[in-house]
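Please view the sequence and the model together, and then read the points below.

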Amino acid sequence: MSDGAFRVLAGPVTGREPATDAARELIAGLVLRPWGQVAPSVYETGRLVAGAPWLAGHHQRIGFLLRGQRPDGAWGPPEGYALVPTLSATDALLAALADGRAGTDLLAAVARGLRALTGTLLATDARELPDTPALDLIVPALVESINDRLAGLDRETADQLPRPPLGLPAGLGPGRLGAVRAAVAAGATLPPKLAHFYEVLDAAPGDAGLTLTAVGASPAATAAWLTTAGPDAGPAAHAFLRELIRDGGGPVPCPAPITVFERAWVLSGLRRAGIAVNPPGALLESLAGATGAEGIATGDGLPTDADTTSVALDALARLGRPADPGSLWAYETAEGFCTWPGEDGFSVTTNAHVLDAFGQHVAGHPDADARYHRAVDRLSVVLSGHQRAEGGWQDRWHASPYYATACCVLALAEFGRGAAAAEAVDRAALWVLDSQRADGSWGRWAGTAEETAYALRILLAAPAAGPRVDDAMARGHAYLHEPSGRKHPPLWYGKELYCPTAIVRAAVLGACRLVSARSAGVDRSVVDCGYQATKTTT
């Protein structure tokens, strides 16, 4: 165990509130697993099965895919979010069939996957599909691969499967995929973010694996590069993959590594909830890159972005290490602030986090350059203007409106200026009160601990009070102590929806601590509130 981990885990705990002890354990996990804690990915695991069967854990990955198939034949979350994982899993199991690993379970799973794809998922209009990153590259690539594999099956196996070729959703063509593949093959310099998707580009990313821990912060992209270049070409990347596979028992997560992203969100969230933390200096130093000219990236292999930079700056300020947020000016646009230059779309959560960073700076430096004050005024108006009619916000980096709404409400309540900002917070609280489920939870598709935590933070940030608010918070807090409140389904946007478990646990822990502090009649243990201890190893 490292010295940093020992400092987190050791020391007296008597006289400390339970939330602090739980937070210390959570922070210990950040030290012991610096690549981040992310639940296994169907998409990424499928890409390793299809393209890198030479890696250890191949049969365990096939078993993971077979166990994860839904009764309707699809994989993954509801609605169009199932398309990408279902394509990846079906293609992977087809590759296993063609590799001579046929069996009744495997063949039946492929048949069910193909029926799910042709029956509903691929029949959806592209405009109704979720805006997950590079969907217009991934879907055409996997449809093409599945069709090629179906065409190459022996007659006996093919006769037992649906016999389309698969088509693309209306409005989605192969043009962009073809153009990007041609550019990569020609050696063109592409935006760094495309490294995250190299597994579908049919070309090796040059020497990208030589110095990086992972190509594009993606096990699939890393495995694709190593498969082409050879395991010895990128020893650091190969060692990282082996560690991920060993840690997950075969399946792999995505994105990974998310070192800065995880540390920034956990530390900022815990301190914002008033939980005392004293992280090792190495954790704080890992966030210091946010003060660079262009900020900091989520993790090794990804480009810098305004979202991670903002939350890292917010965390540093809340931990007594404030830094100038001038790096964020590189992301200013006519609409507000982009996540990265050239972003397709607008993120309200990125802008809420930029407001946090600038608000912290202005609060600590009242004589700060007028540009910072103008930005706080501007972002207060921008965020209020993006509020939906019912009172919530929706964003492109998280499937749940409760996350986006919590980000906007917390920023506006603490740093927002003007009557519009205050009114937006009030409207959001009313929406939360009206959308609580009968069991006390909140959630887009079903009640979840994560979304319930966000809803509680919204109510706690709003000035509204009274029996209805108290009752809603008590019921939400009670839900977080139920077994159902310990499940964390994937809600964060990546190639498919994913779950950054440490970040989610920090959000739940923070909400529980604040409700407990506000409600004198609540005597439940904060430690048990939707938080399951993570096993730490030396």
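A residue counts as buried when its relative accessible area is under 20%, as exposed when that area is over 50%, and as partly exposed in between. S384 is therefore buried, since its relative accessibility is 14%. The model described here is a predicted one.

**The surroundings of S384**

- S384 is placed in helix α16.
- Leaving aside residues up to four places away in sequence, S384 is in contact with W393, L412, A420, A421 and A424.

**Enclosed space**

- The model contains three cavities of 30 Å³ or more.
- The largest cavity holds about 360 Å³ of space.
- Its lining is made of 22 residues, of which W265, G269, Y403, L410 and Y454 are the closest to the centre of the largest cavity.
- Six helices are named as giving two or more residues to this lining: α12 (259-272), α14 (306-318), α15 (348-364), α17 (401-415), α19 (449-461) and α21 (501-518).
- By residue type, the lining of the largest cavity consists of 13 nonpolar, five polar and four charged residues.

**The largest pocket**

- The volume of the largest pocket is about 920 Å³.
- The pocket is lined by 38 residues, and those closest to its centre are P133, F197, W340, R396 and W397.
- Helices α7 (135-152), α12 and α14 each contribute at least two residues to the lining of the largest pocket.
- This lining comprises 19 nonpolar, eight polar and 11 charged residues.

**Salt bridges**

- In total, the structure has 26 salt bridges.
- One of them joins the side chains of D314 and R318, with an N to O distance of 2.8 Å.
- Both D314 and R318 belong to helix α14, where they stand four residues apart, about one turn of the helix.
- D314 is buried, because its relative accessibility is 2%, and R318 is likewise buried, because its relative accessible area is 16%.
- Another salt bridge links E332 and R378, whose closest N and O atoms are 3.2 Å apart.
- This pair connects distant parts of the chain, with E332 in the loop between α14 and α15 and R378 in helix α16 (residues 370-385), 46 residues apart.
- E332 is partly exposed, because its relative accessibility is 34%, and R378 is also partly exposed, because its relative accessible area is 25%.
- R127 is exposed, because its relative accessible area is 76%.

**Aromatic rings**

- The structure contains 13 aromatic pairs.
- F337 and F358 make up an edge-to-face pair, with 5.7 Å from centre to centre and 70° between the planes.
- The pair links distant parts of the chain, as F337 lies in the loop between α14 and α15 and F358 in helix α15, 21 residues apart.
- F337 is buried, because its relative accessible area is 1%, and F358 is buried, because its relative accessible area is 0%.
- W340 and W397 form a tilted pair, with 5.5 Å from centre to centre and 55° between the planes.
- W340 is in the loop between α14 and α15 and W397 is in the loop between α16 and α17, so this pair ties together parts that are 57 residues apart in sequence.
- Both W340 and W397 are buried, and both are among the residues closest to the centre of the largest pocket.
- One aromatic cluster is formed by F261, W265, Y403, Y454 and W492, and W265, Y403 and Y454 are among the residues closest to the centre of the largest cavity.

Conventions:
Residues numbered from 1 in each chain as written. Predicted model: local features only at pLDDT ≥ 70, side-chain atom pairs only at ≥ 80, totals over all residues. Heavy atoms only, no water. 1 Å grid on protein atoms, 1.4 Å probe; cavity = no way out; pocket = protein on both sides within 12 Å on 5 of 7 lines; lining within 4 Å. Points joined across faces, edges and corners; volume = space filled by probe spheres on them. Nonpolar A, V, L, I, M, F, W, Y, C, P; charged D, E, K, R; others polar. Salt bridge = Lys/Arg side-chain N within 4 Å of Asp/Glu carboxyl O. Buried < 20%, exposed > 50% of the residue type's maximum accessible area, 1.4 Å probe, protein only. Contact = heavy atoms within 4.5 Å. Phe/Tyr/Trp six-rings, centres within 6.5 Å; stacked < 30°, edge-to-face > 60°.
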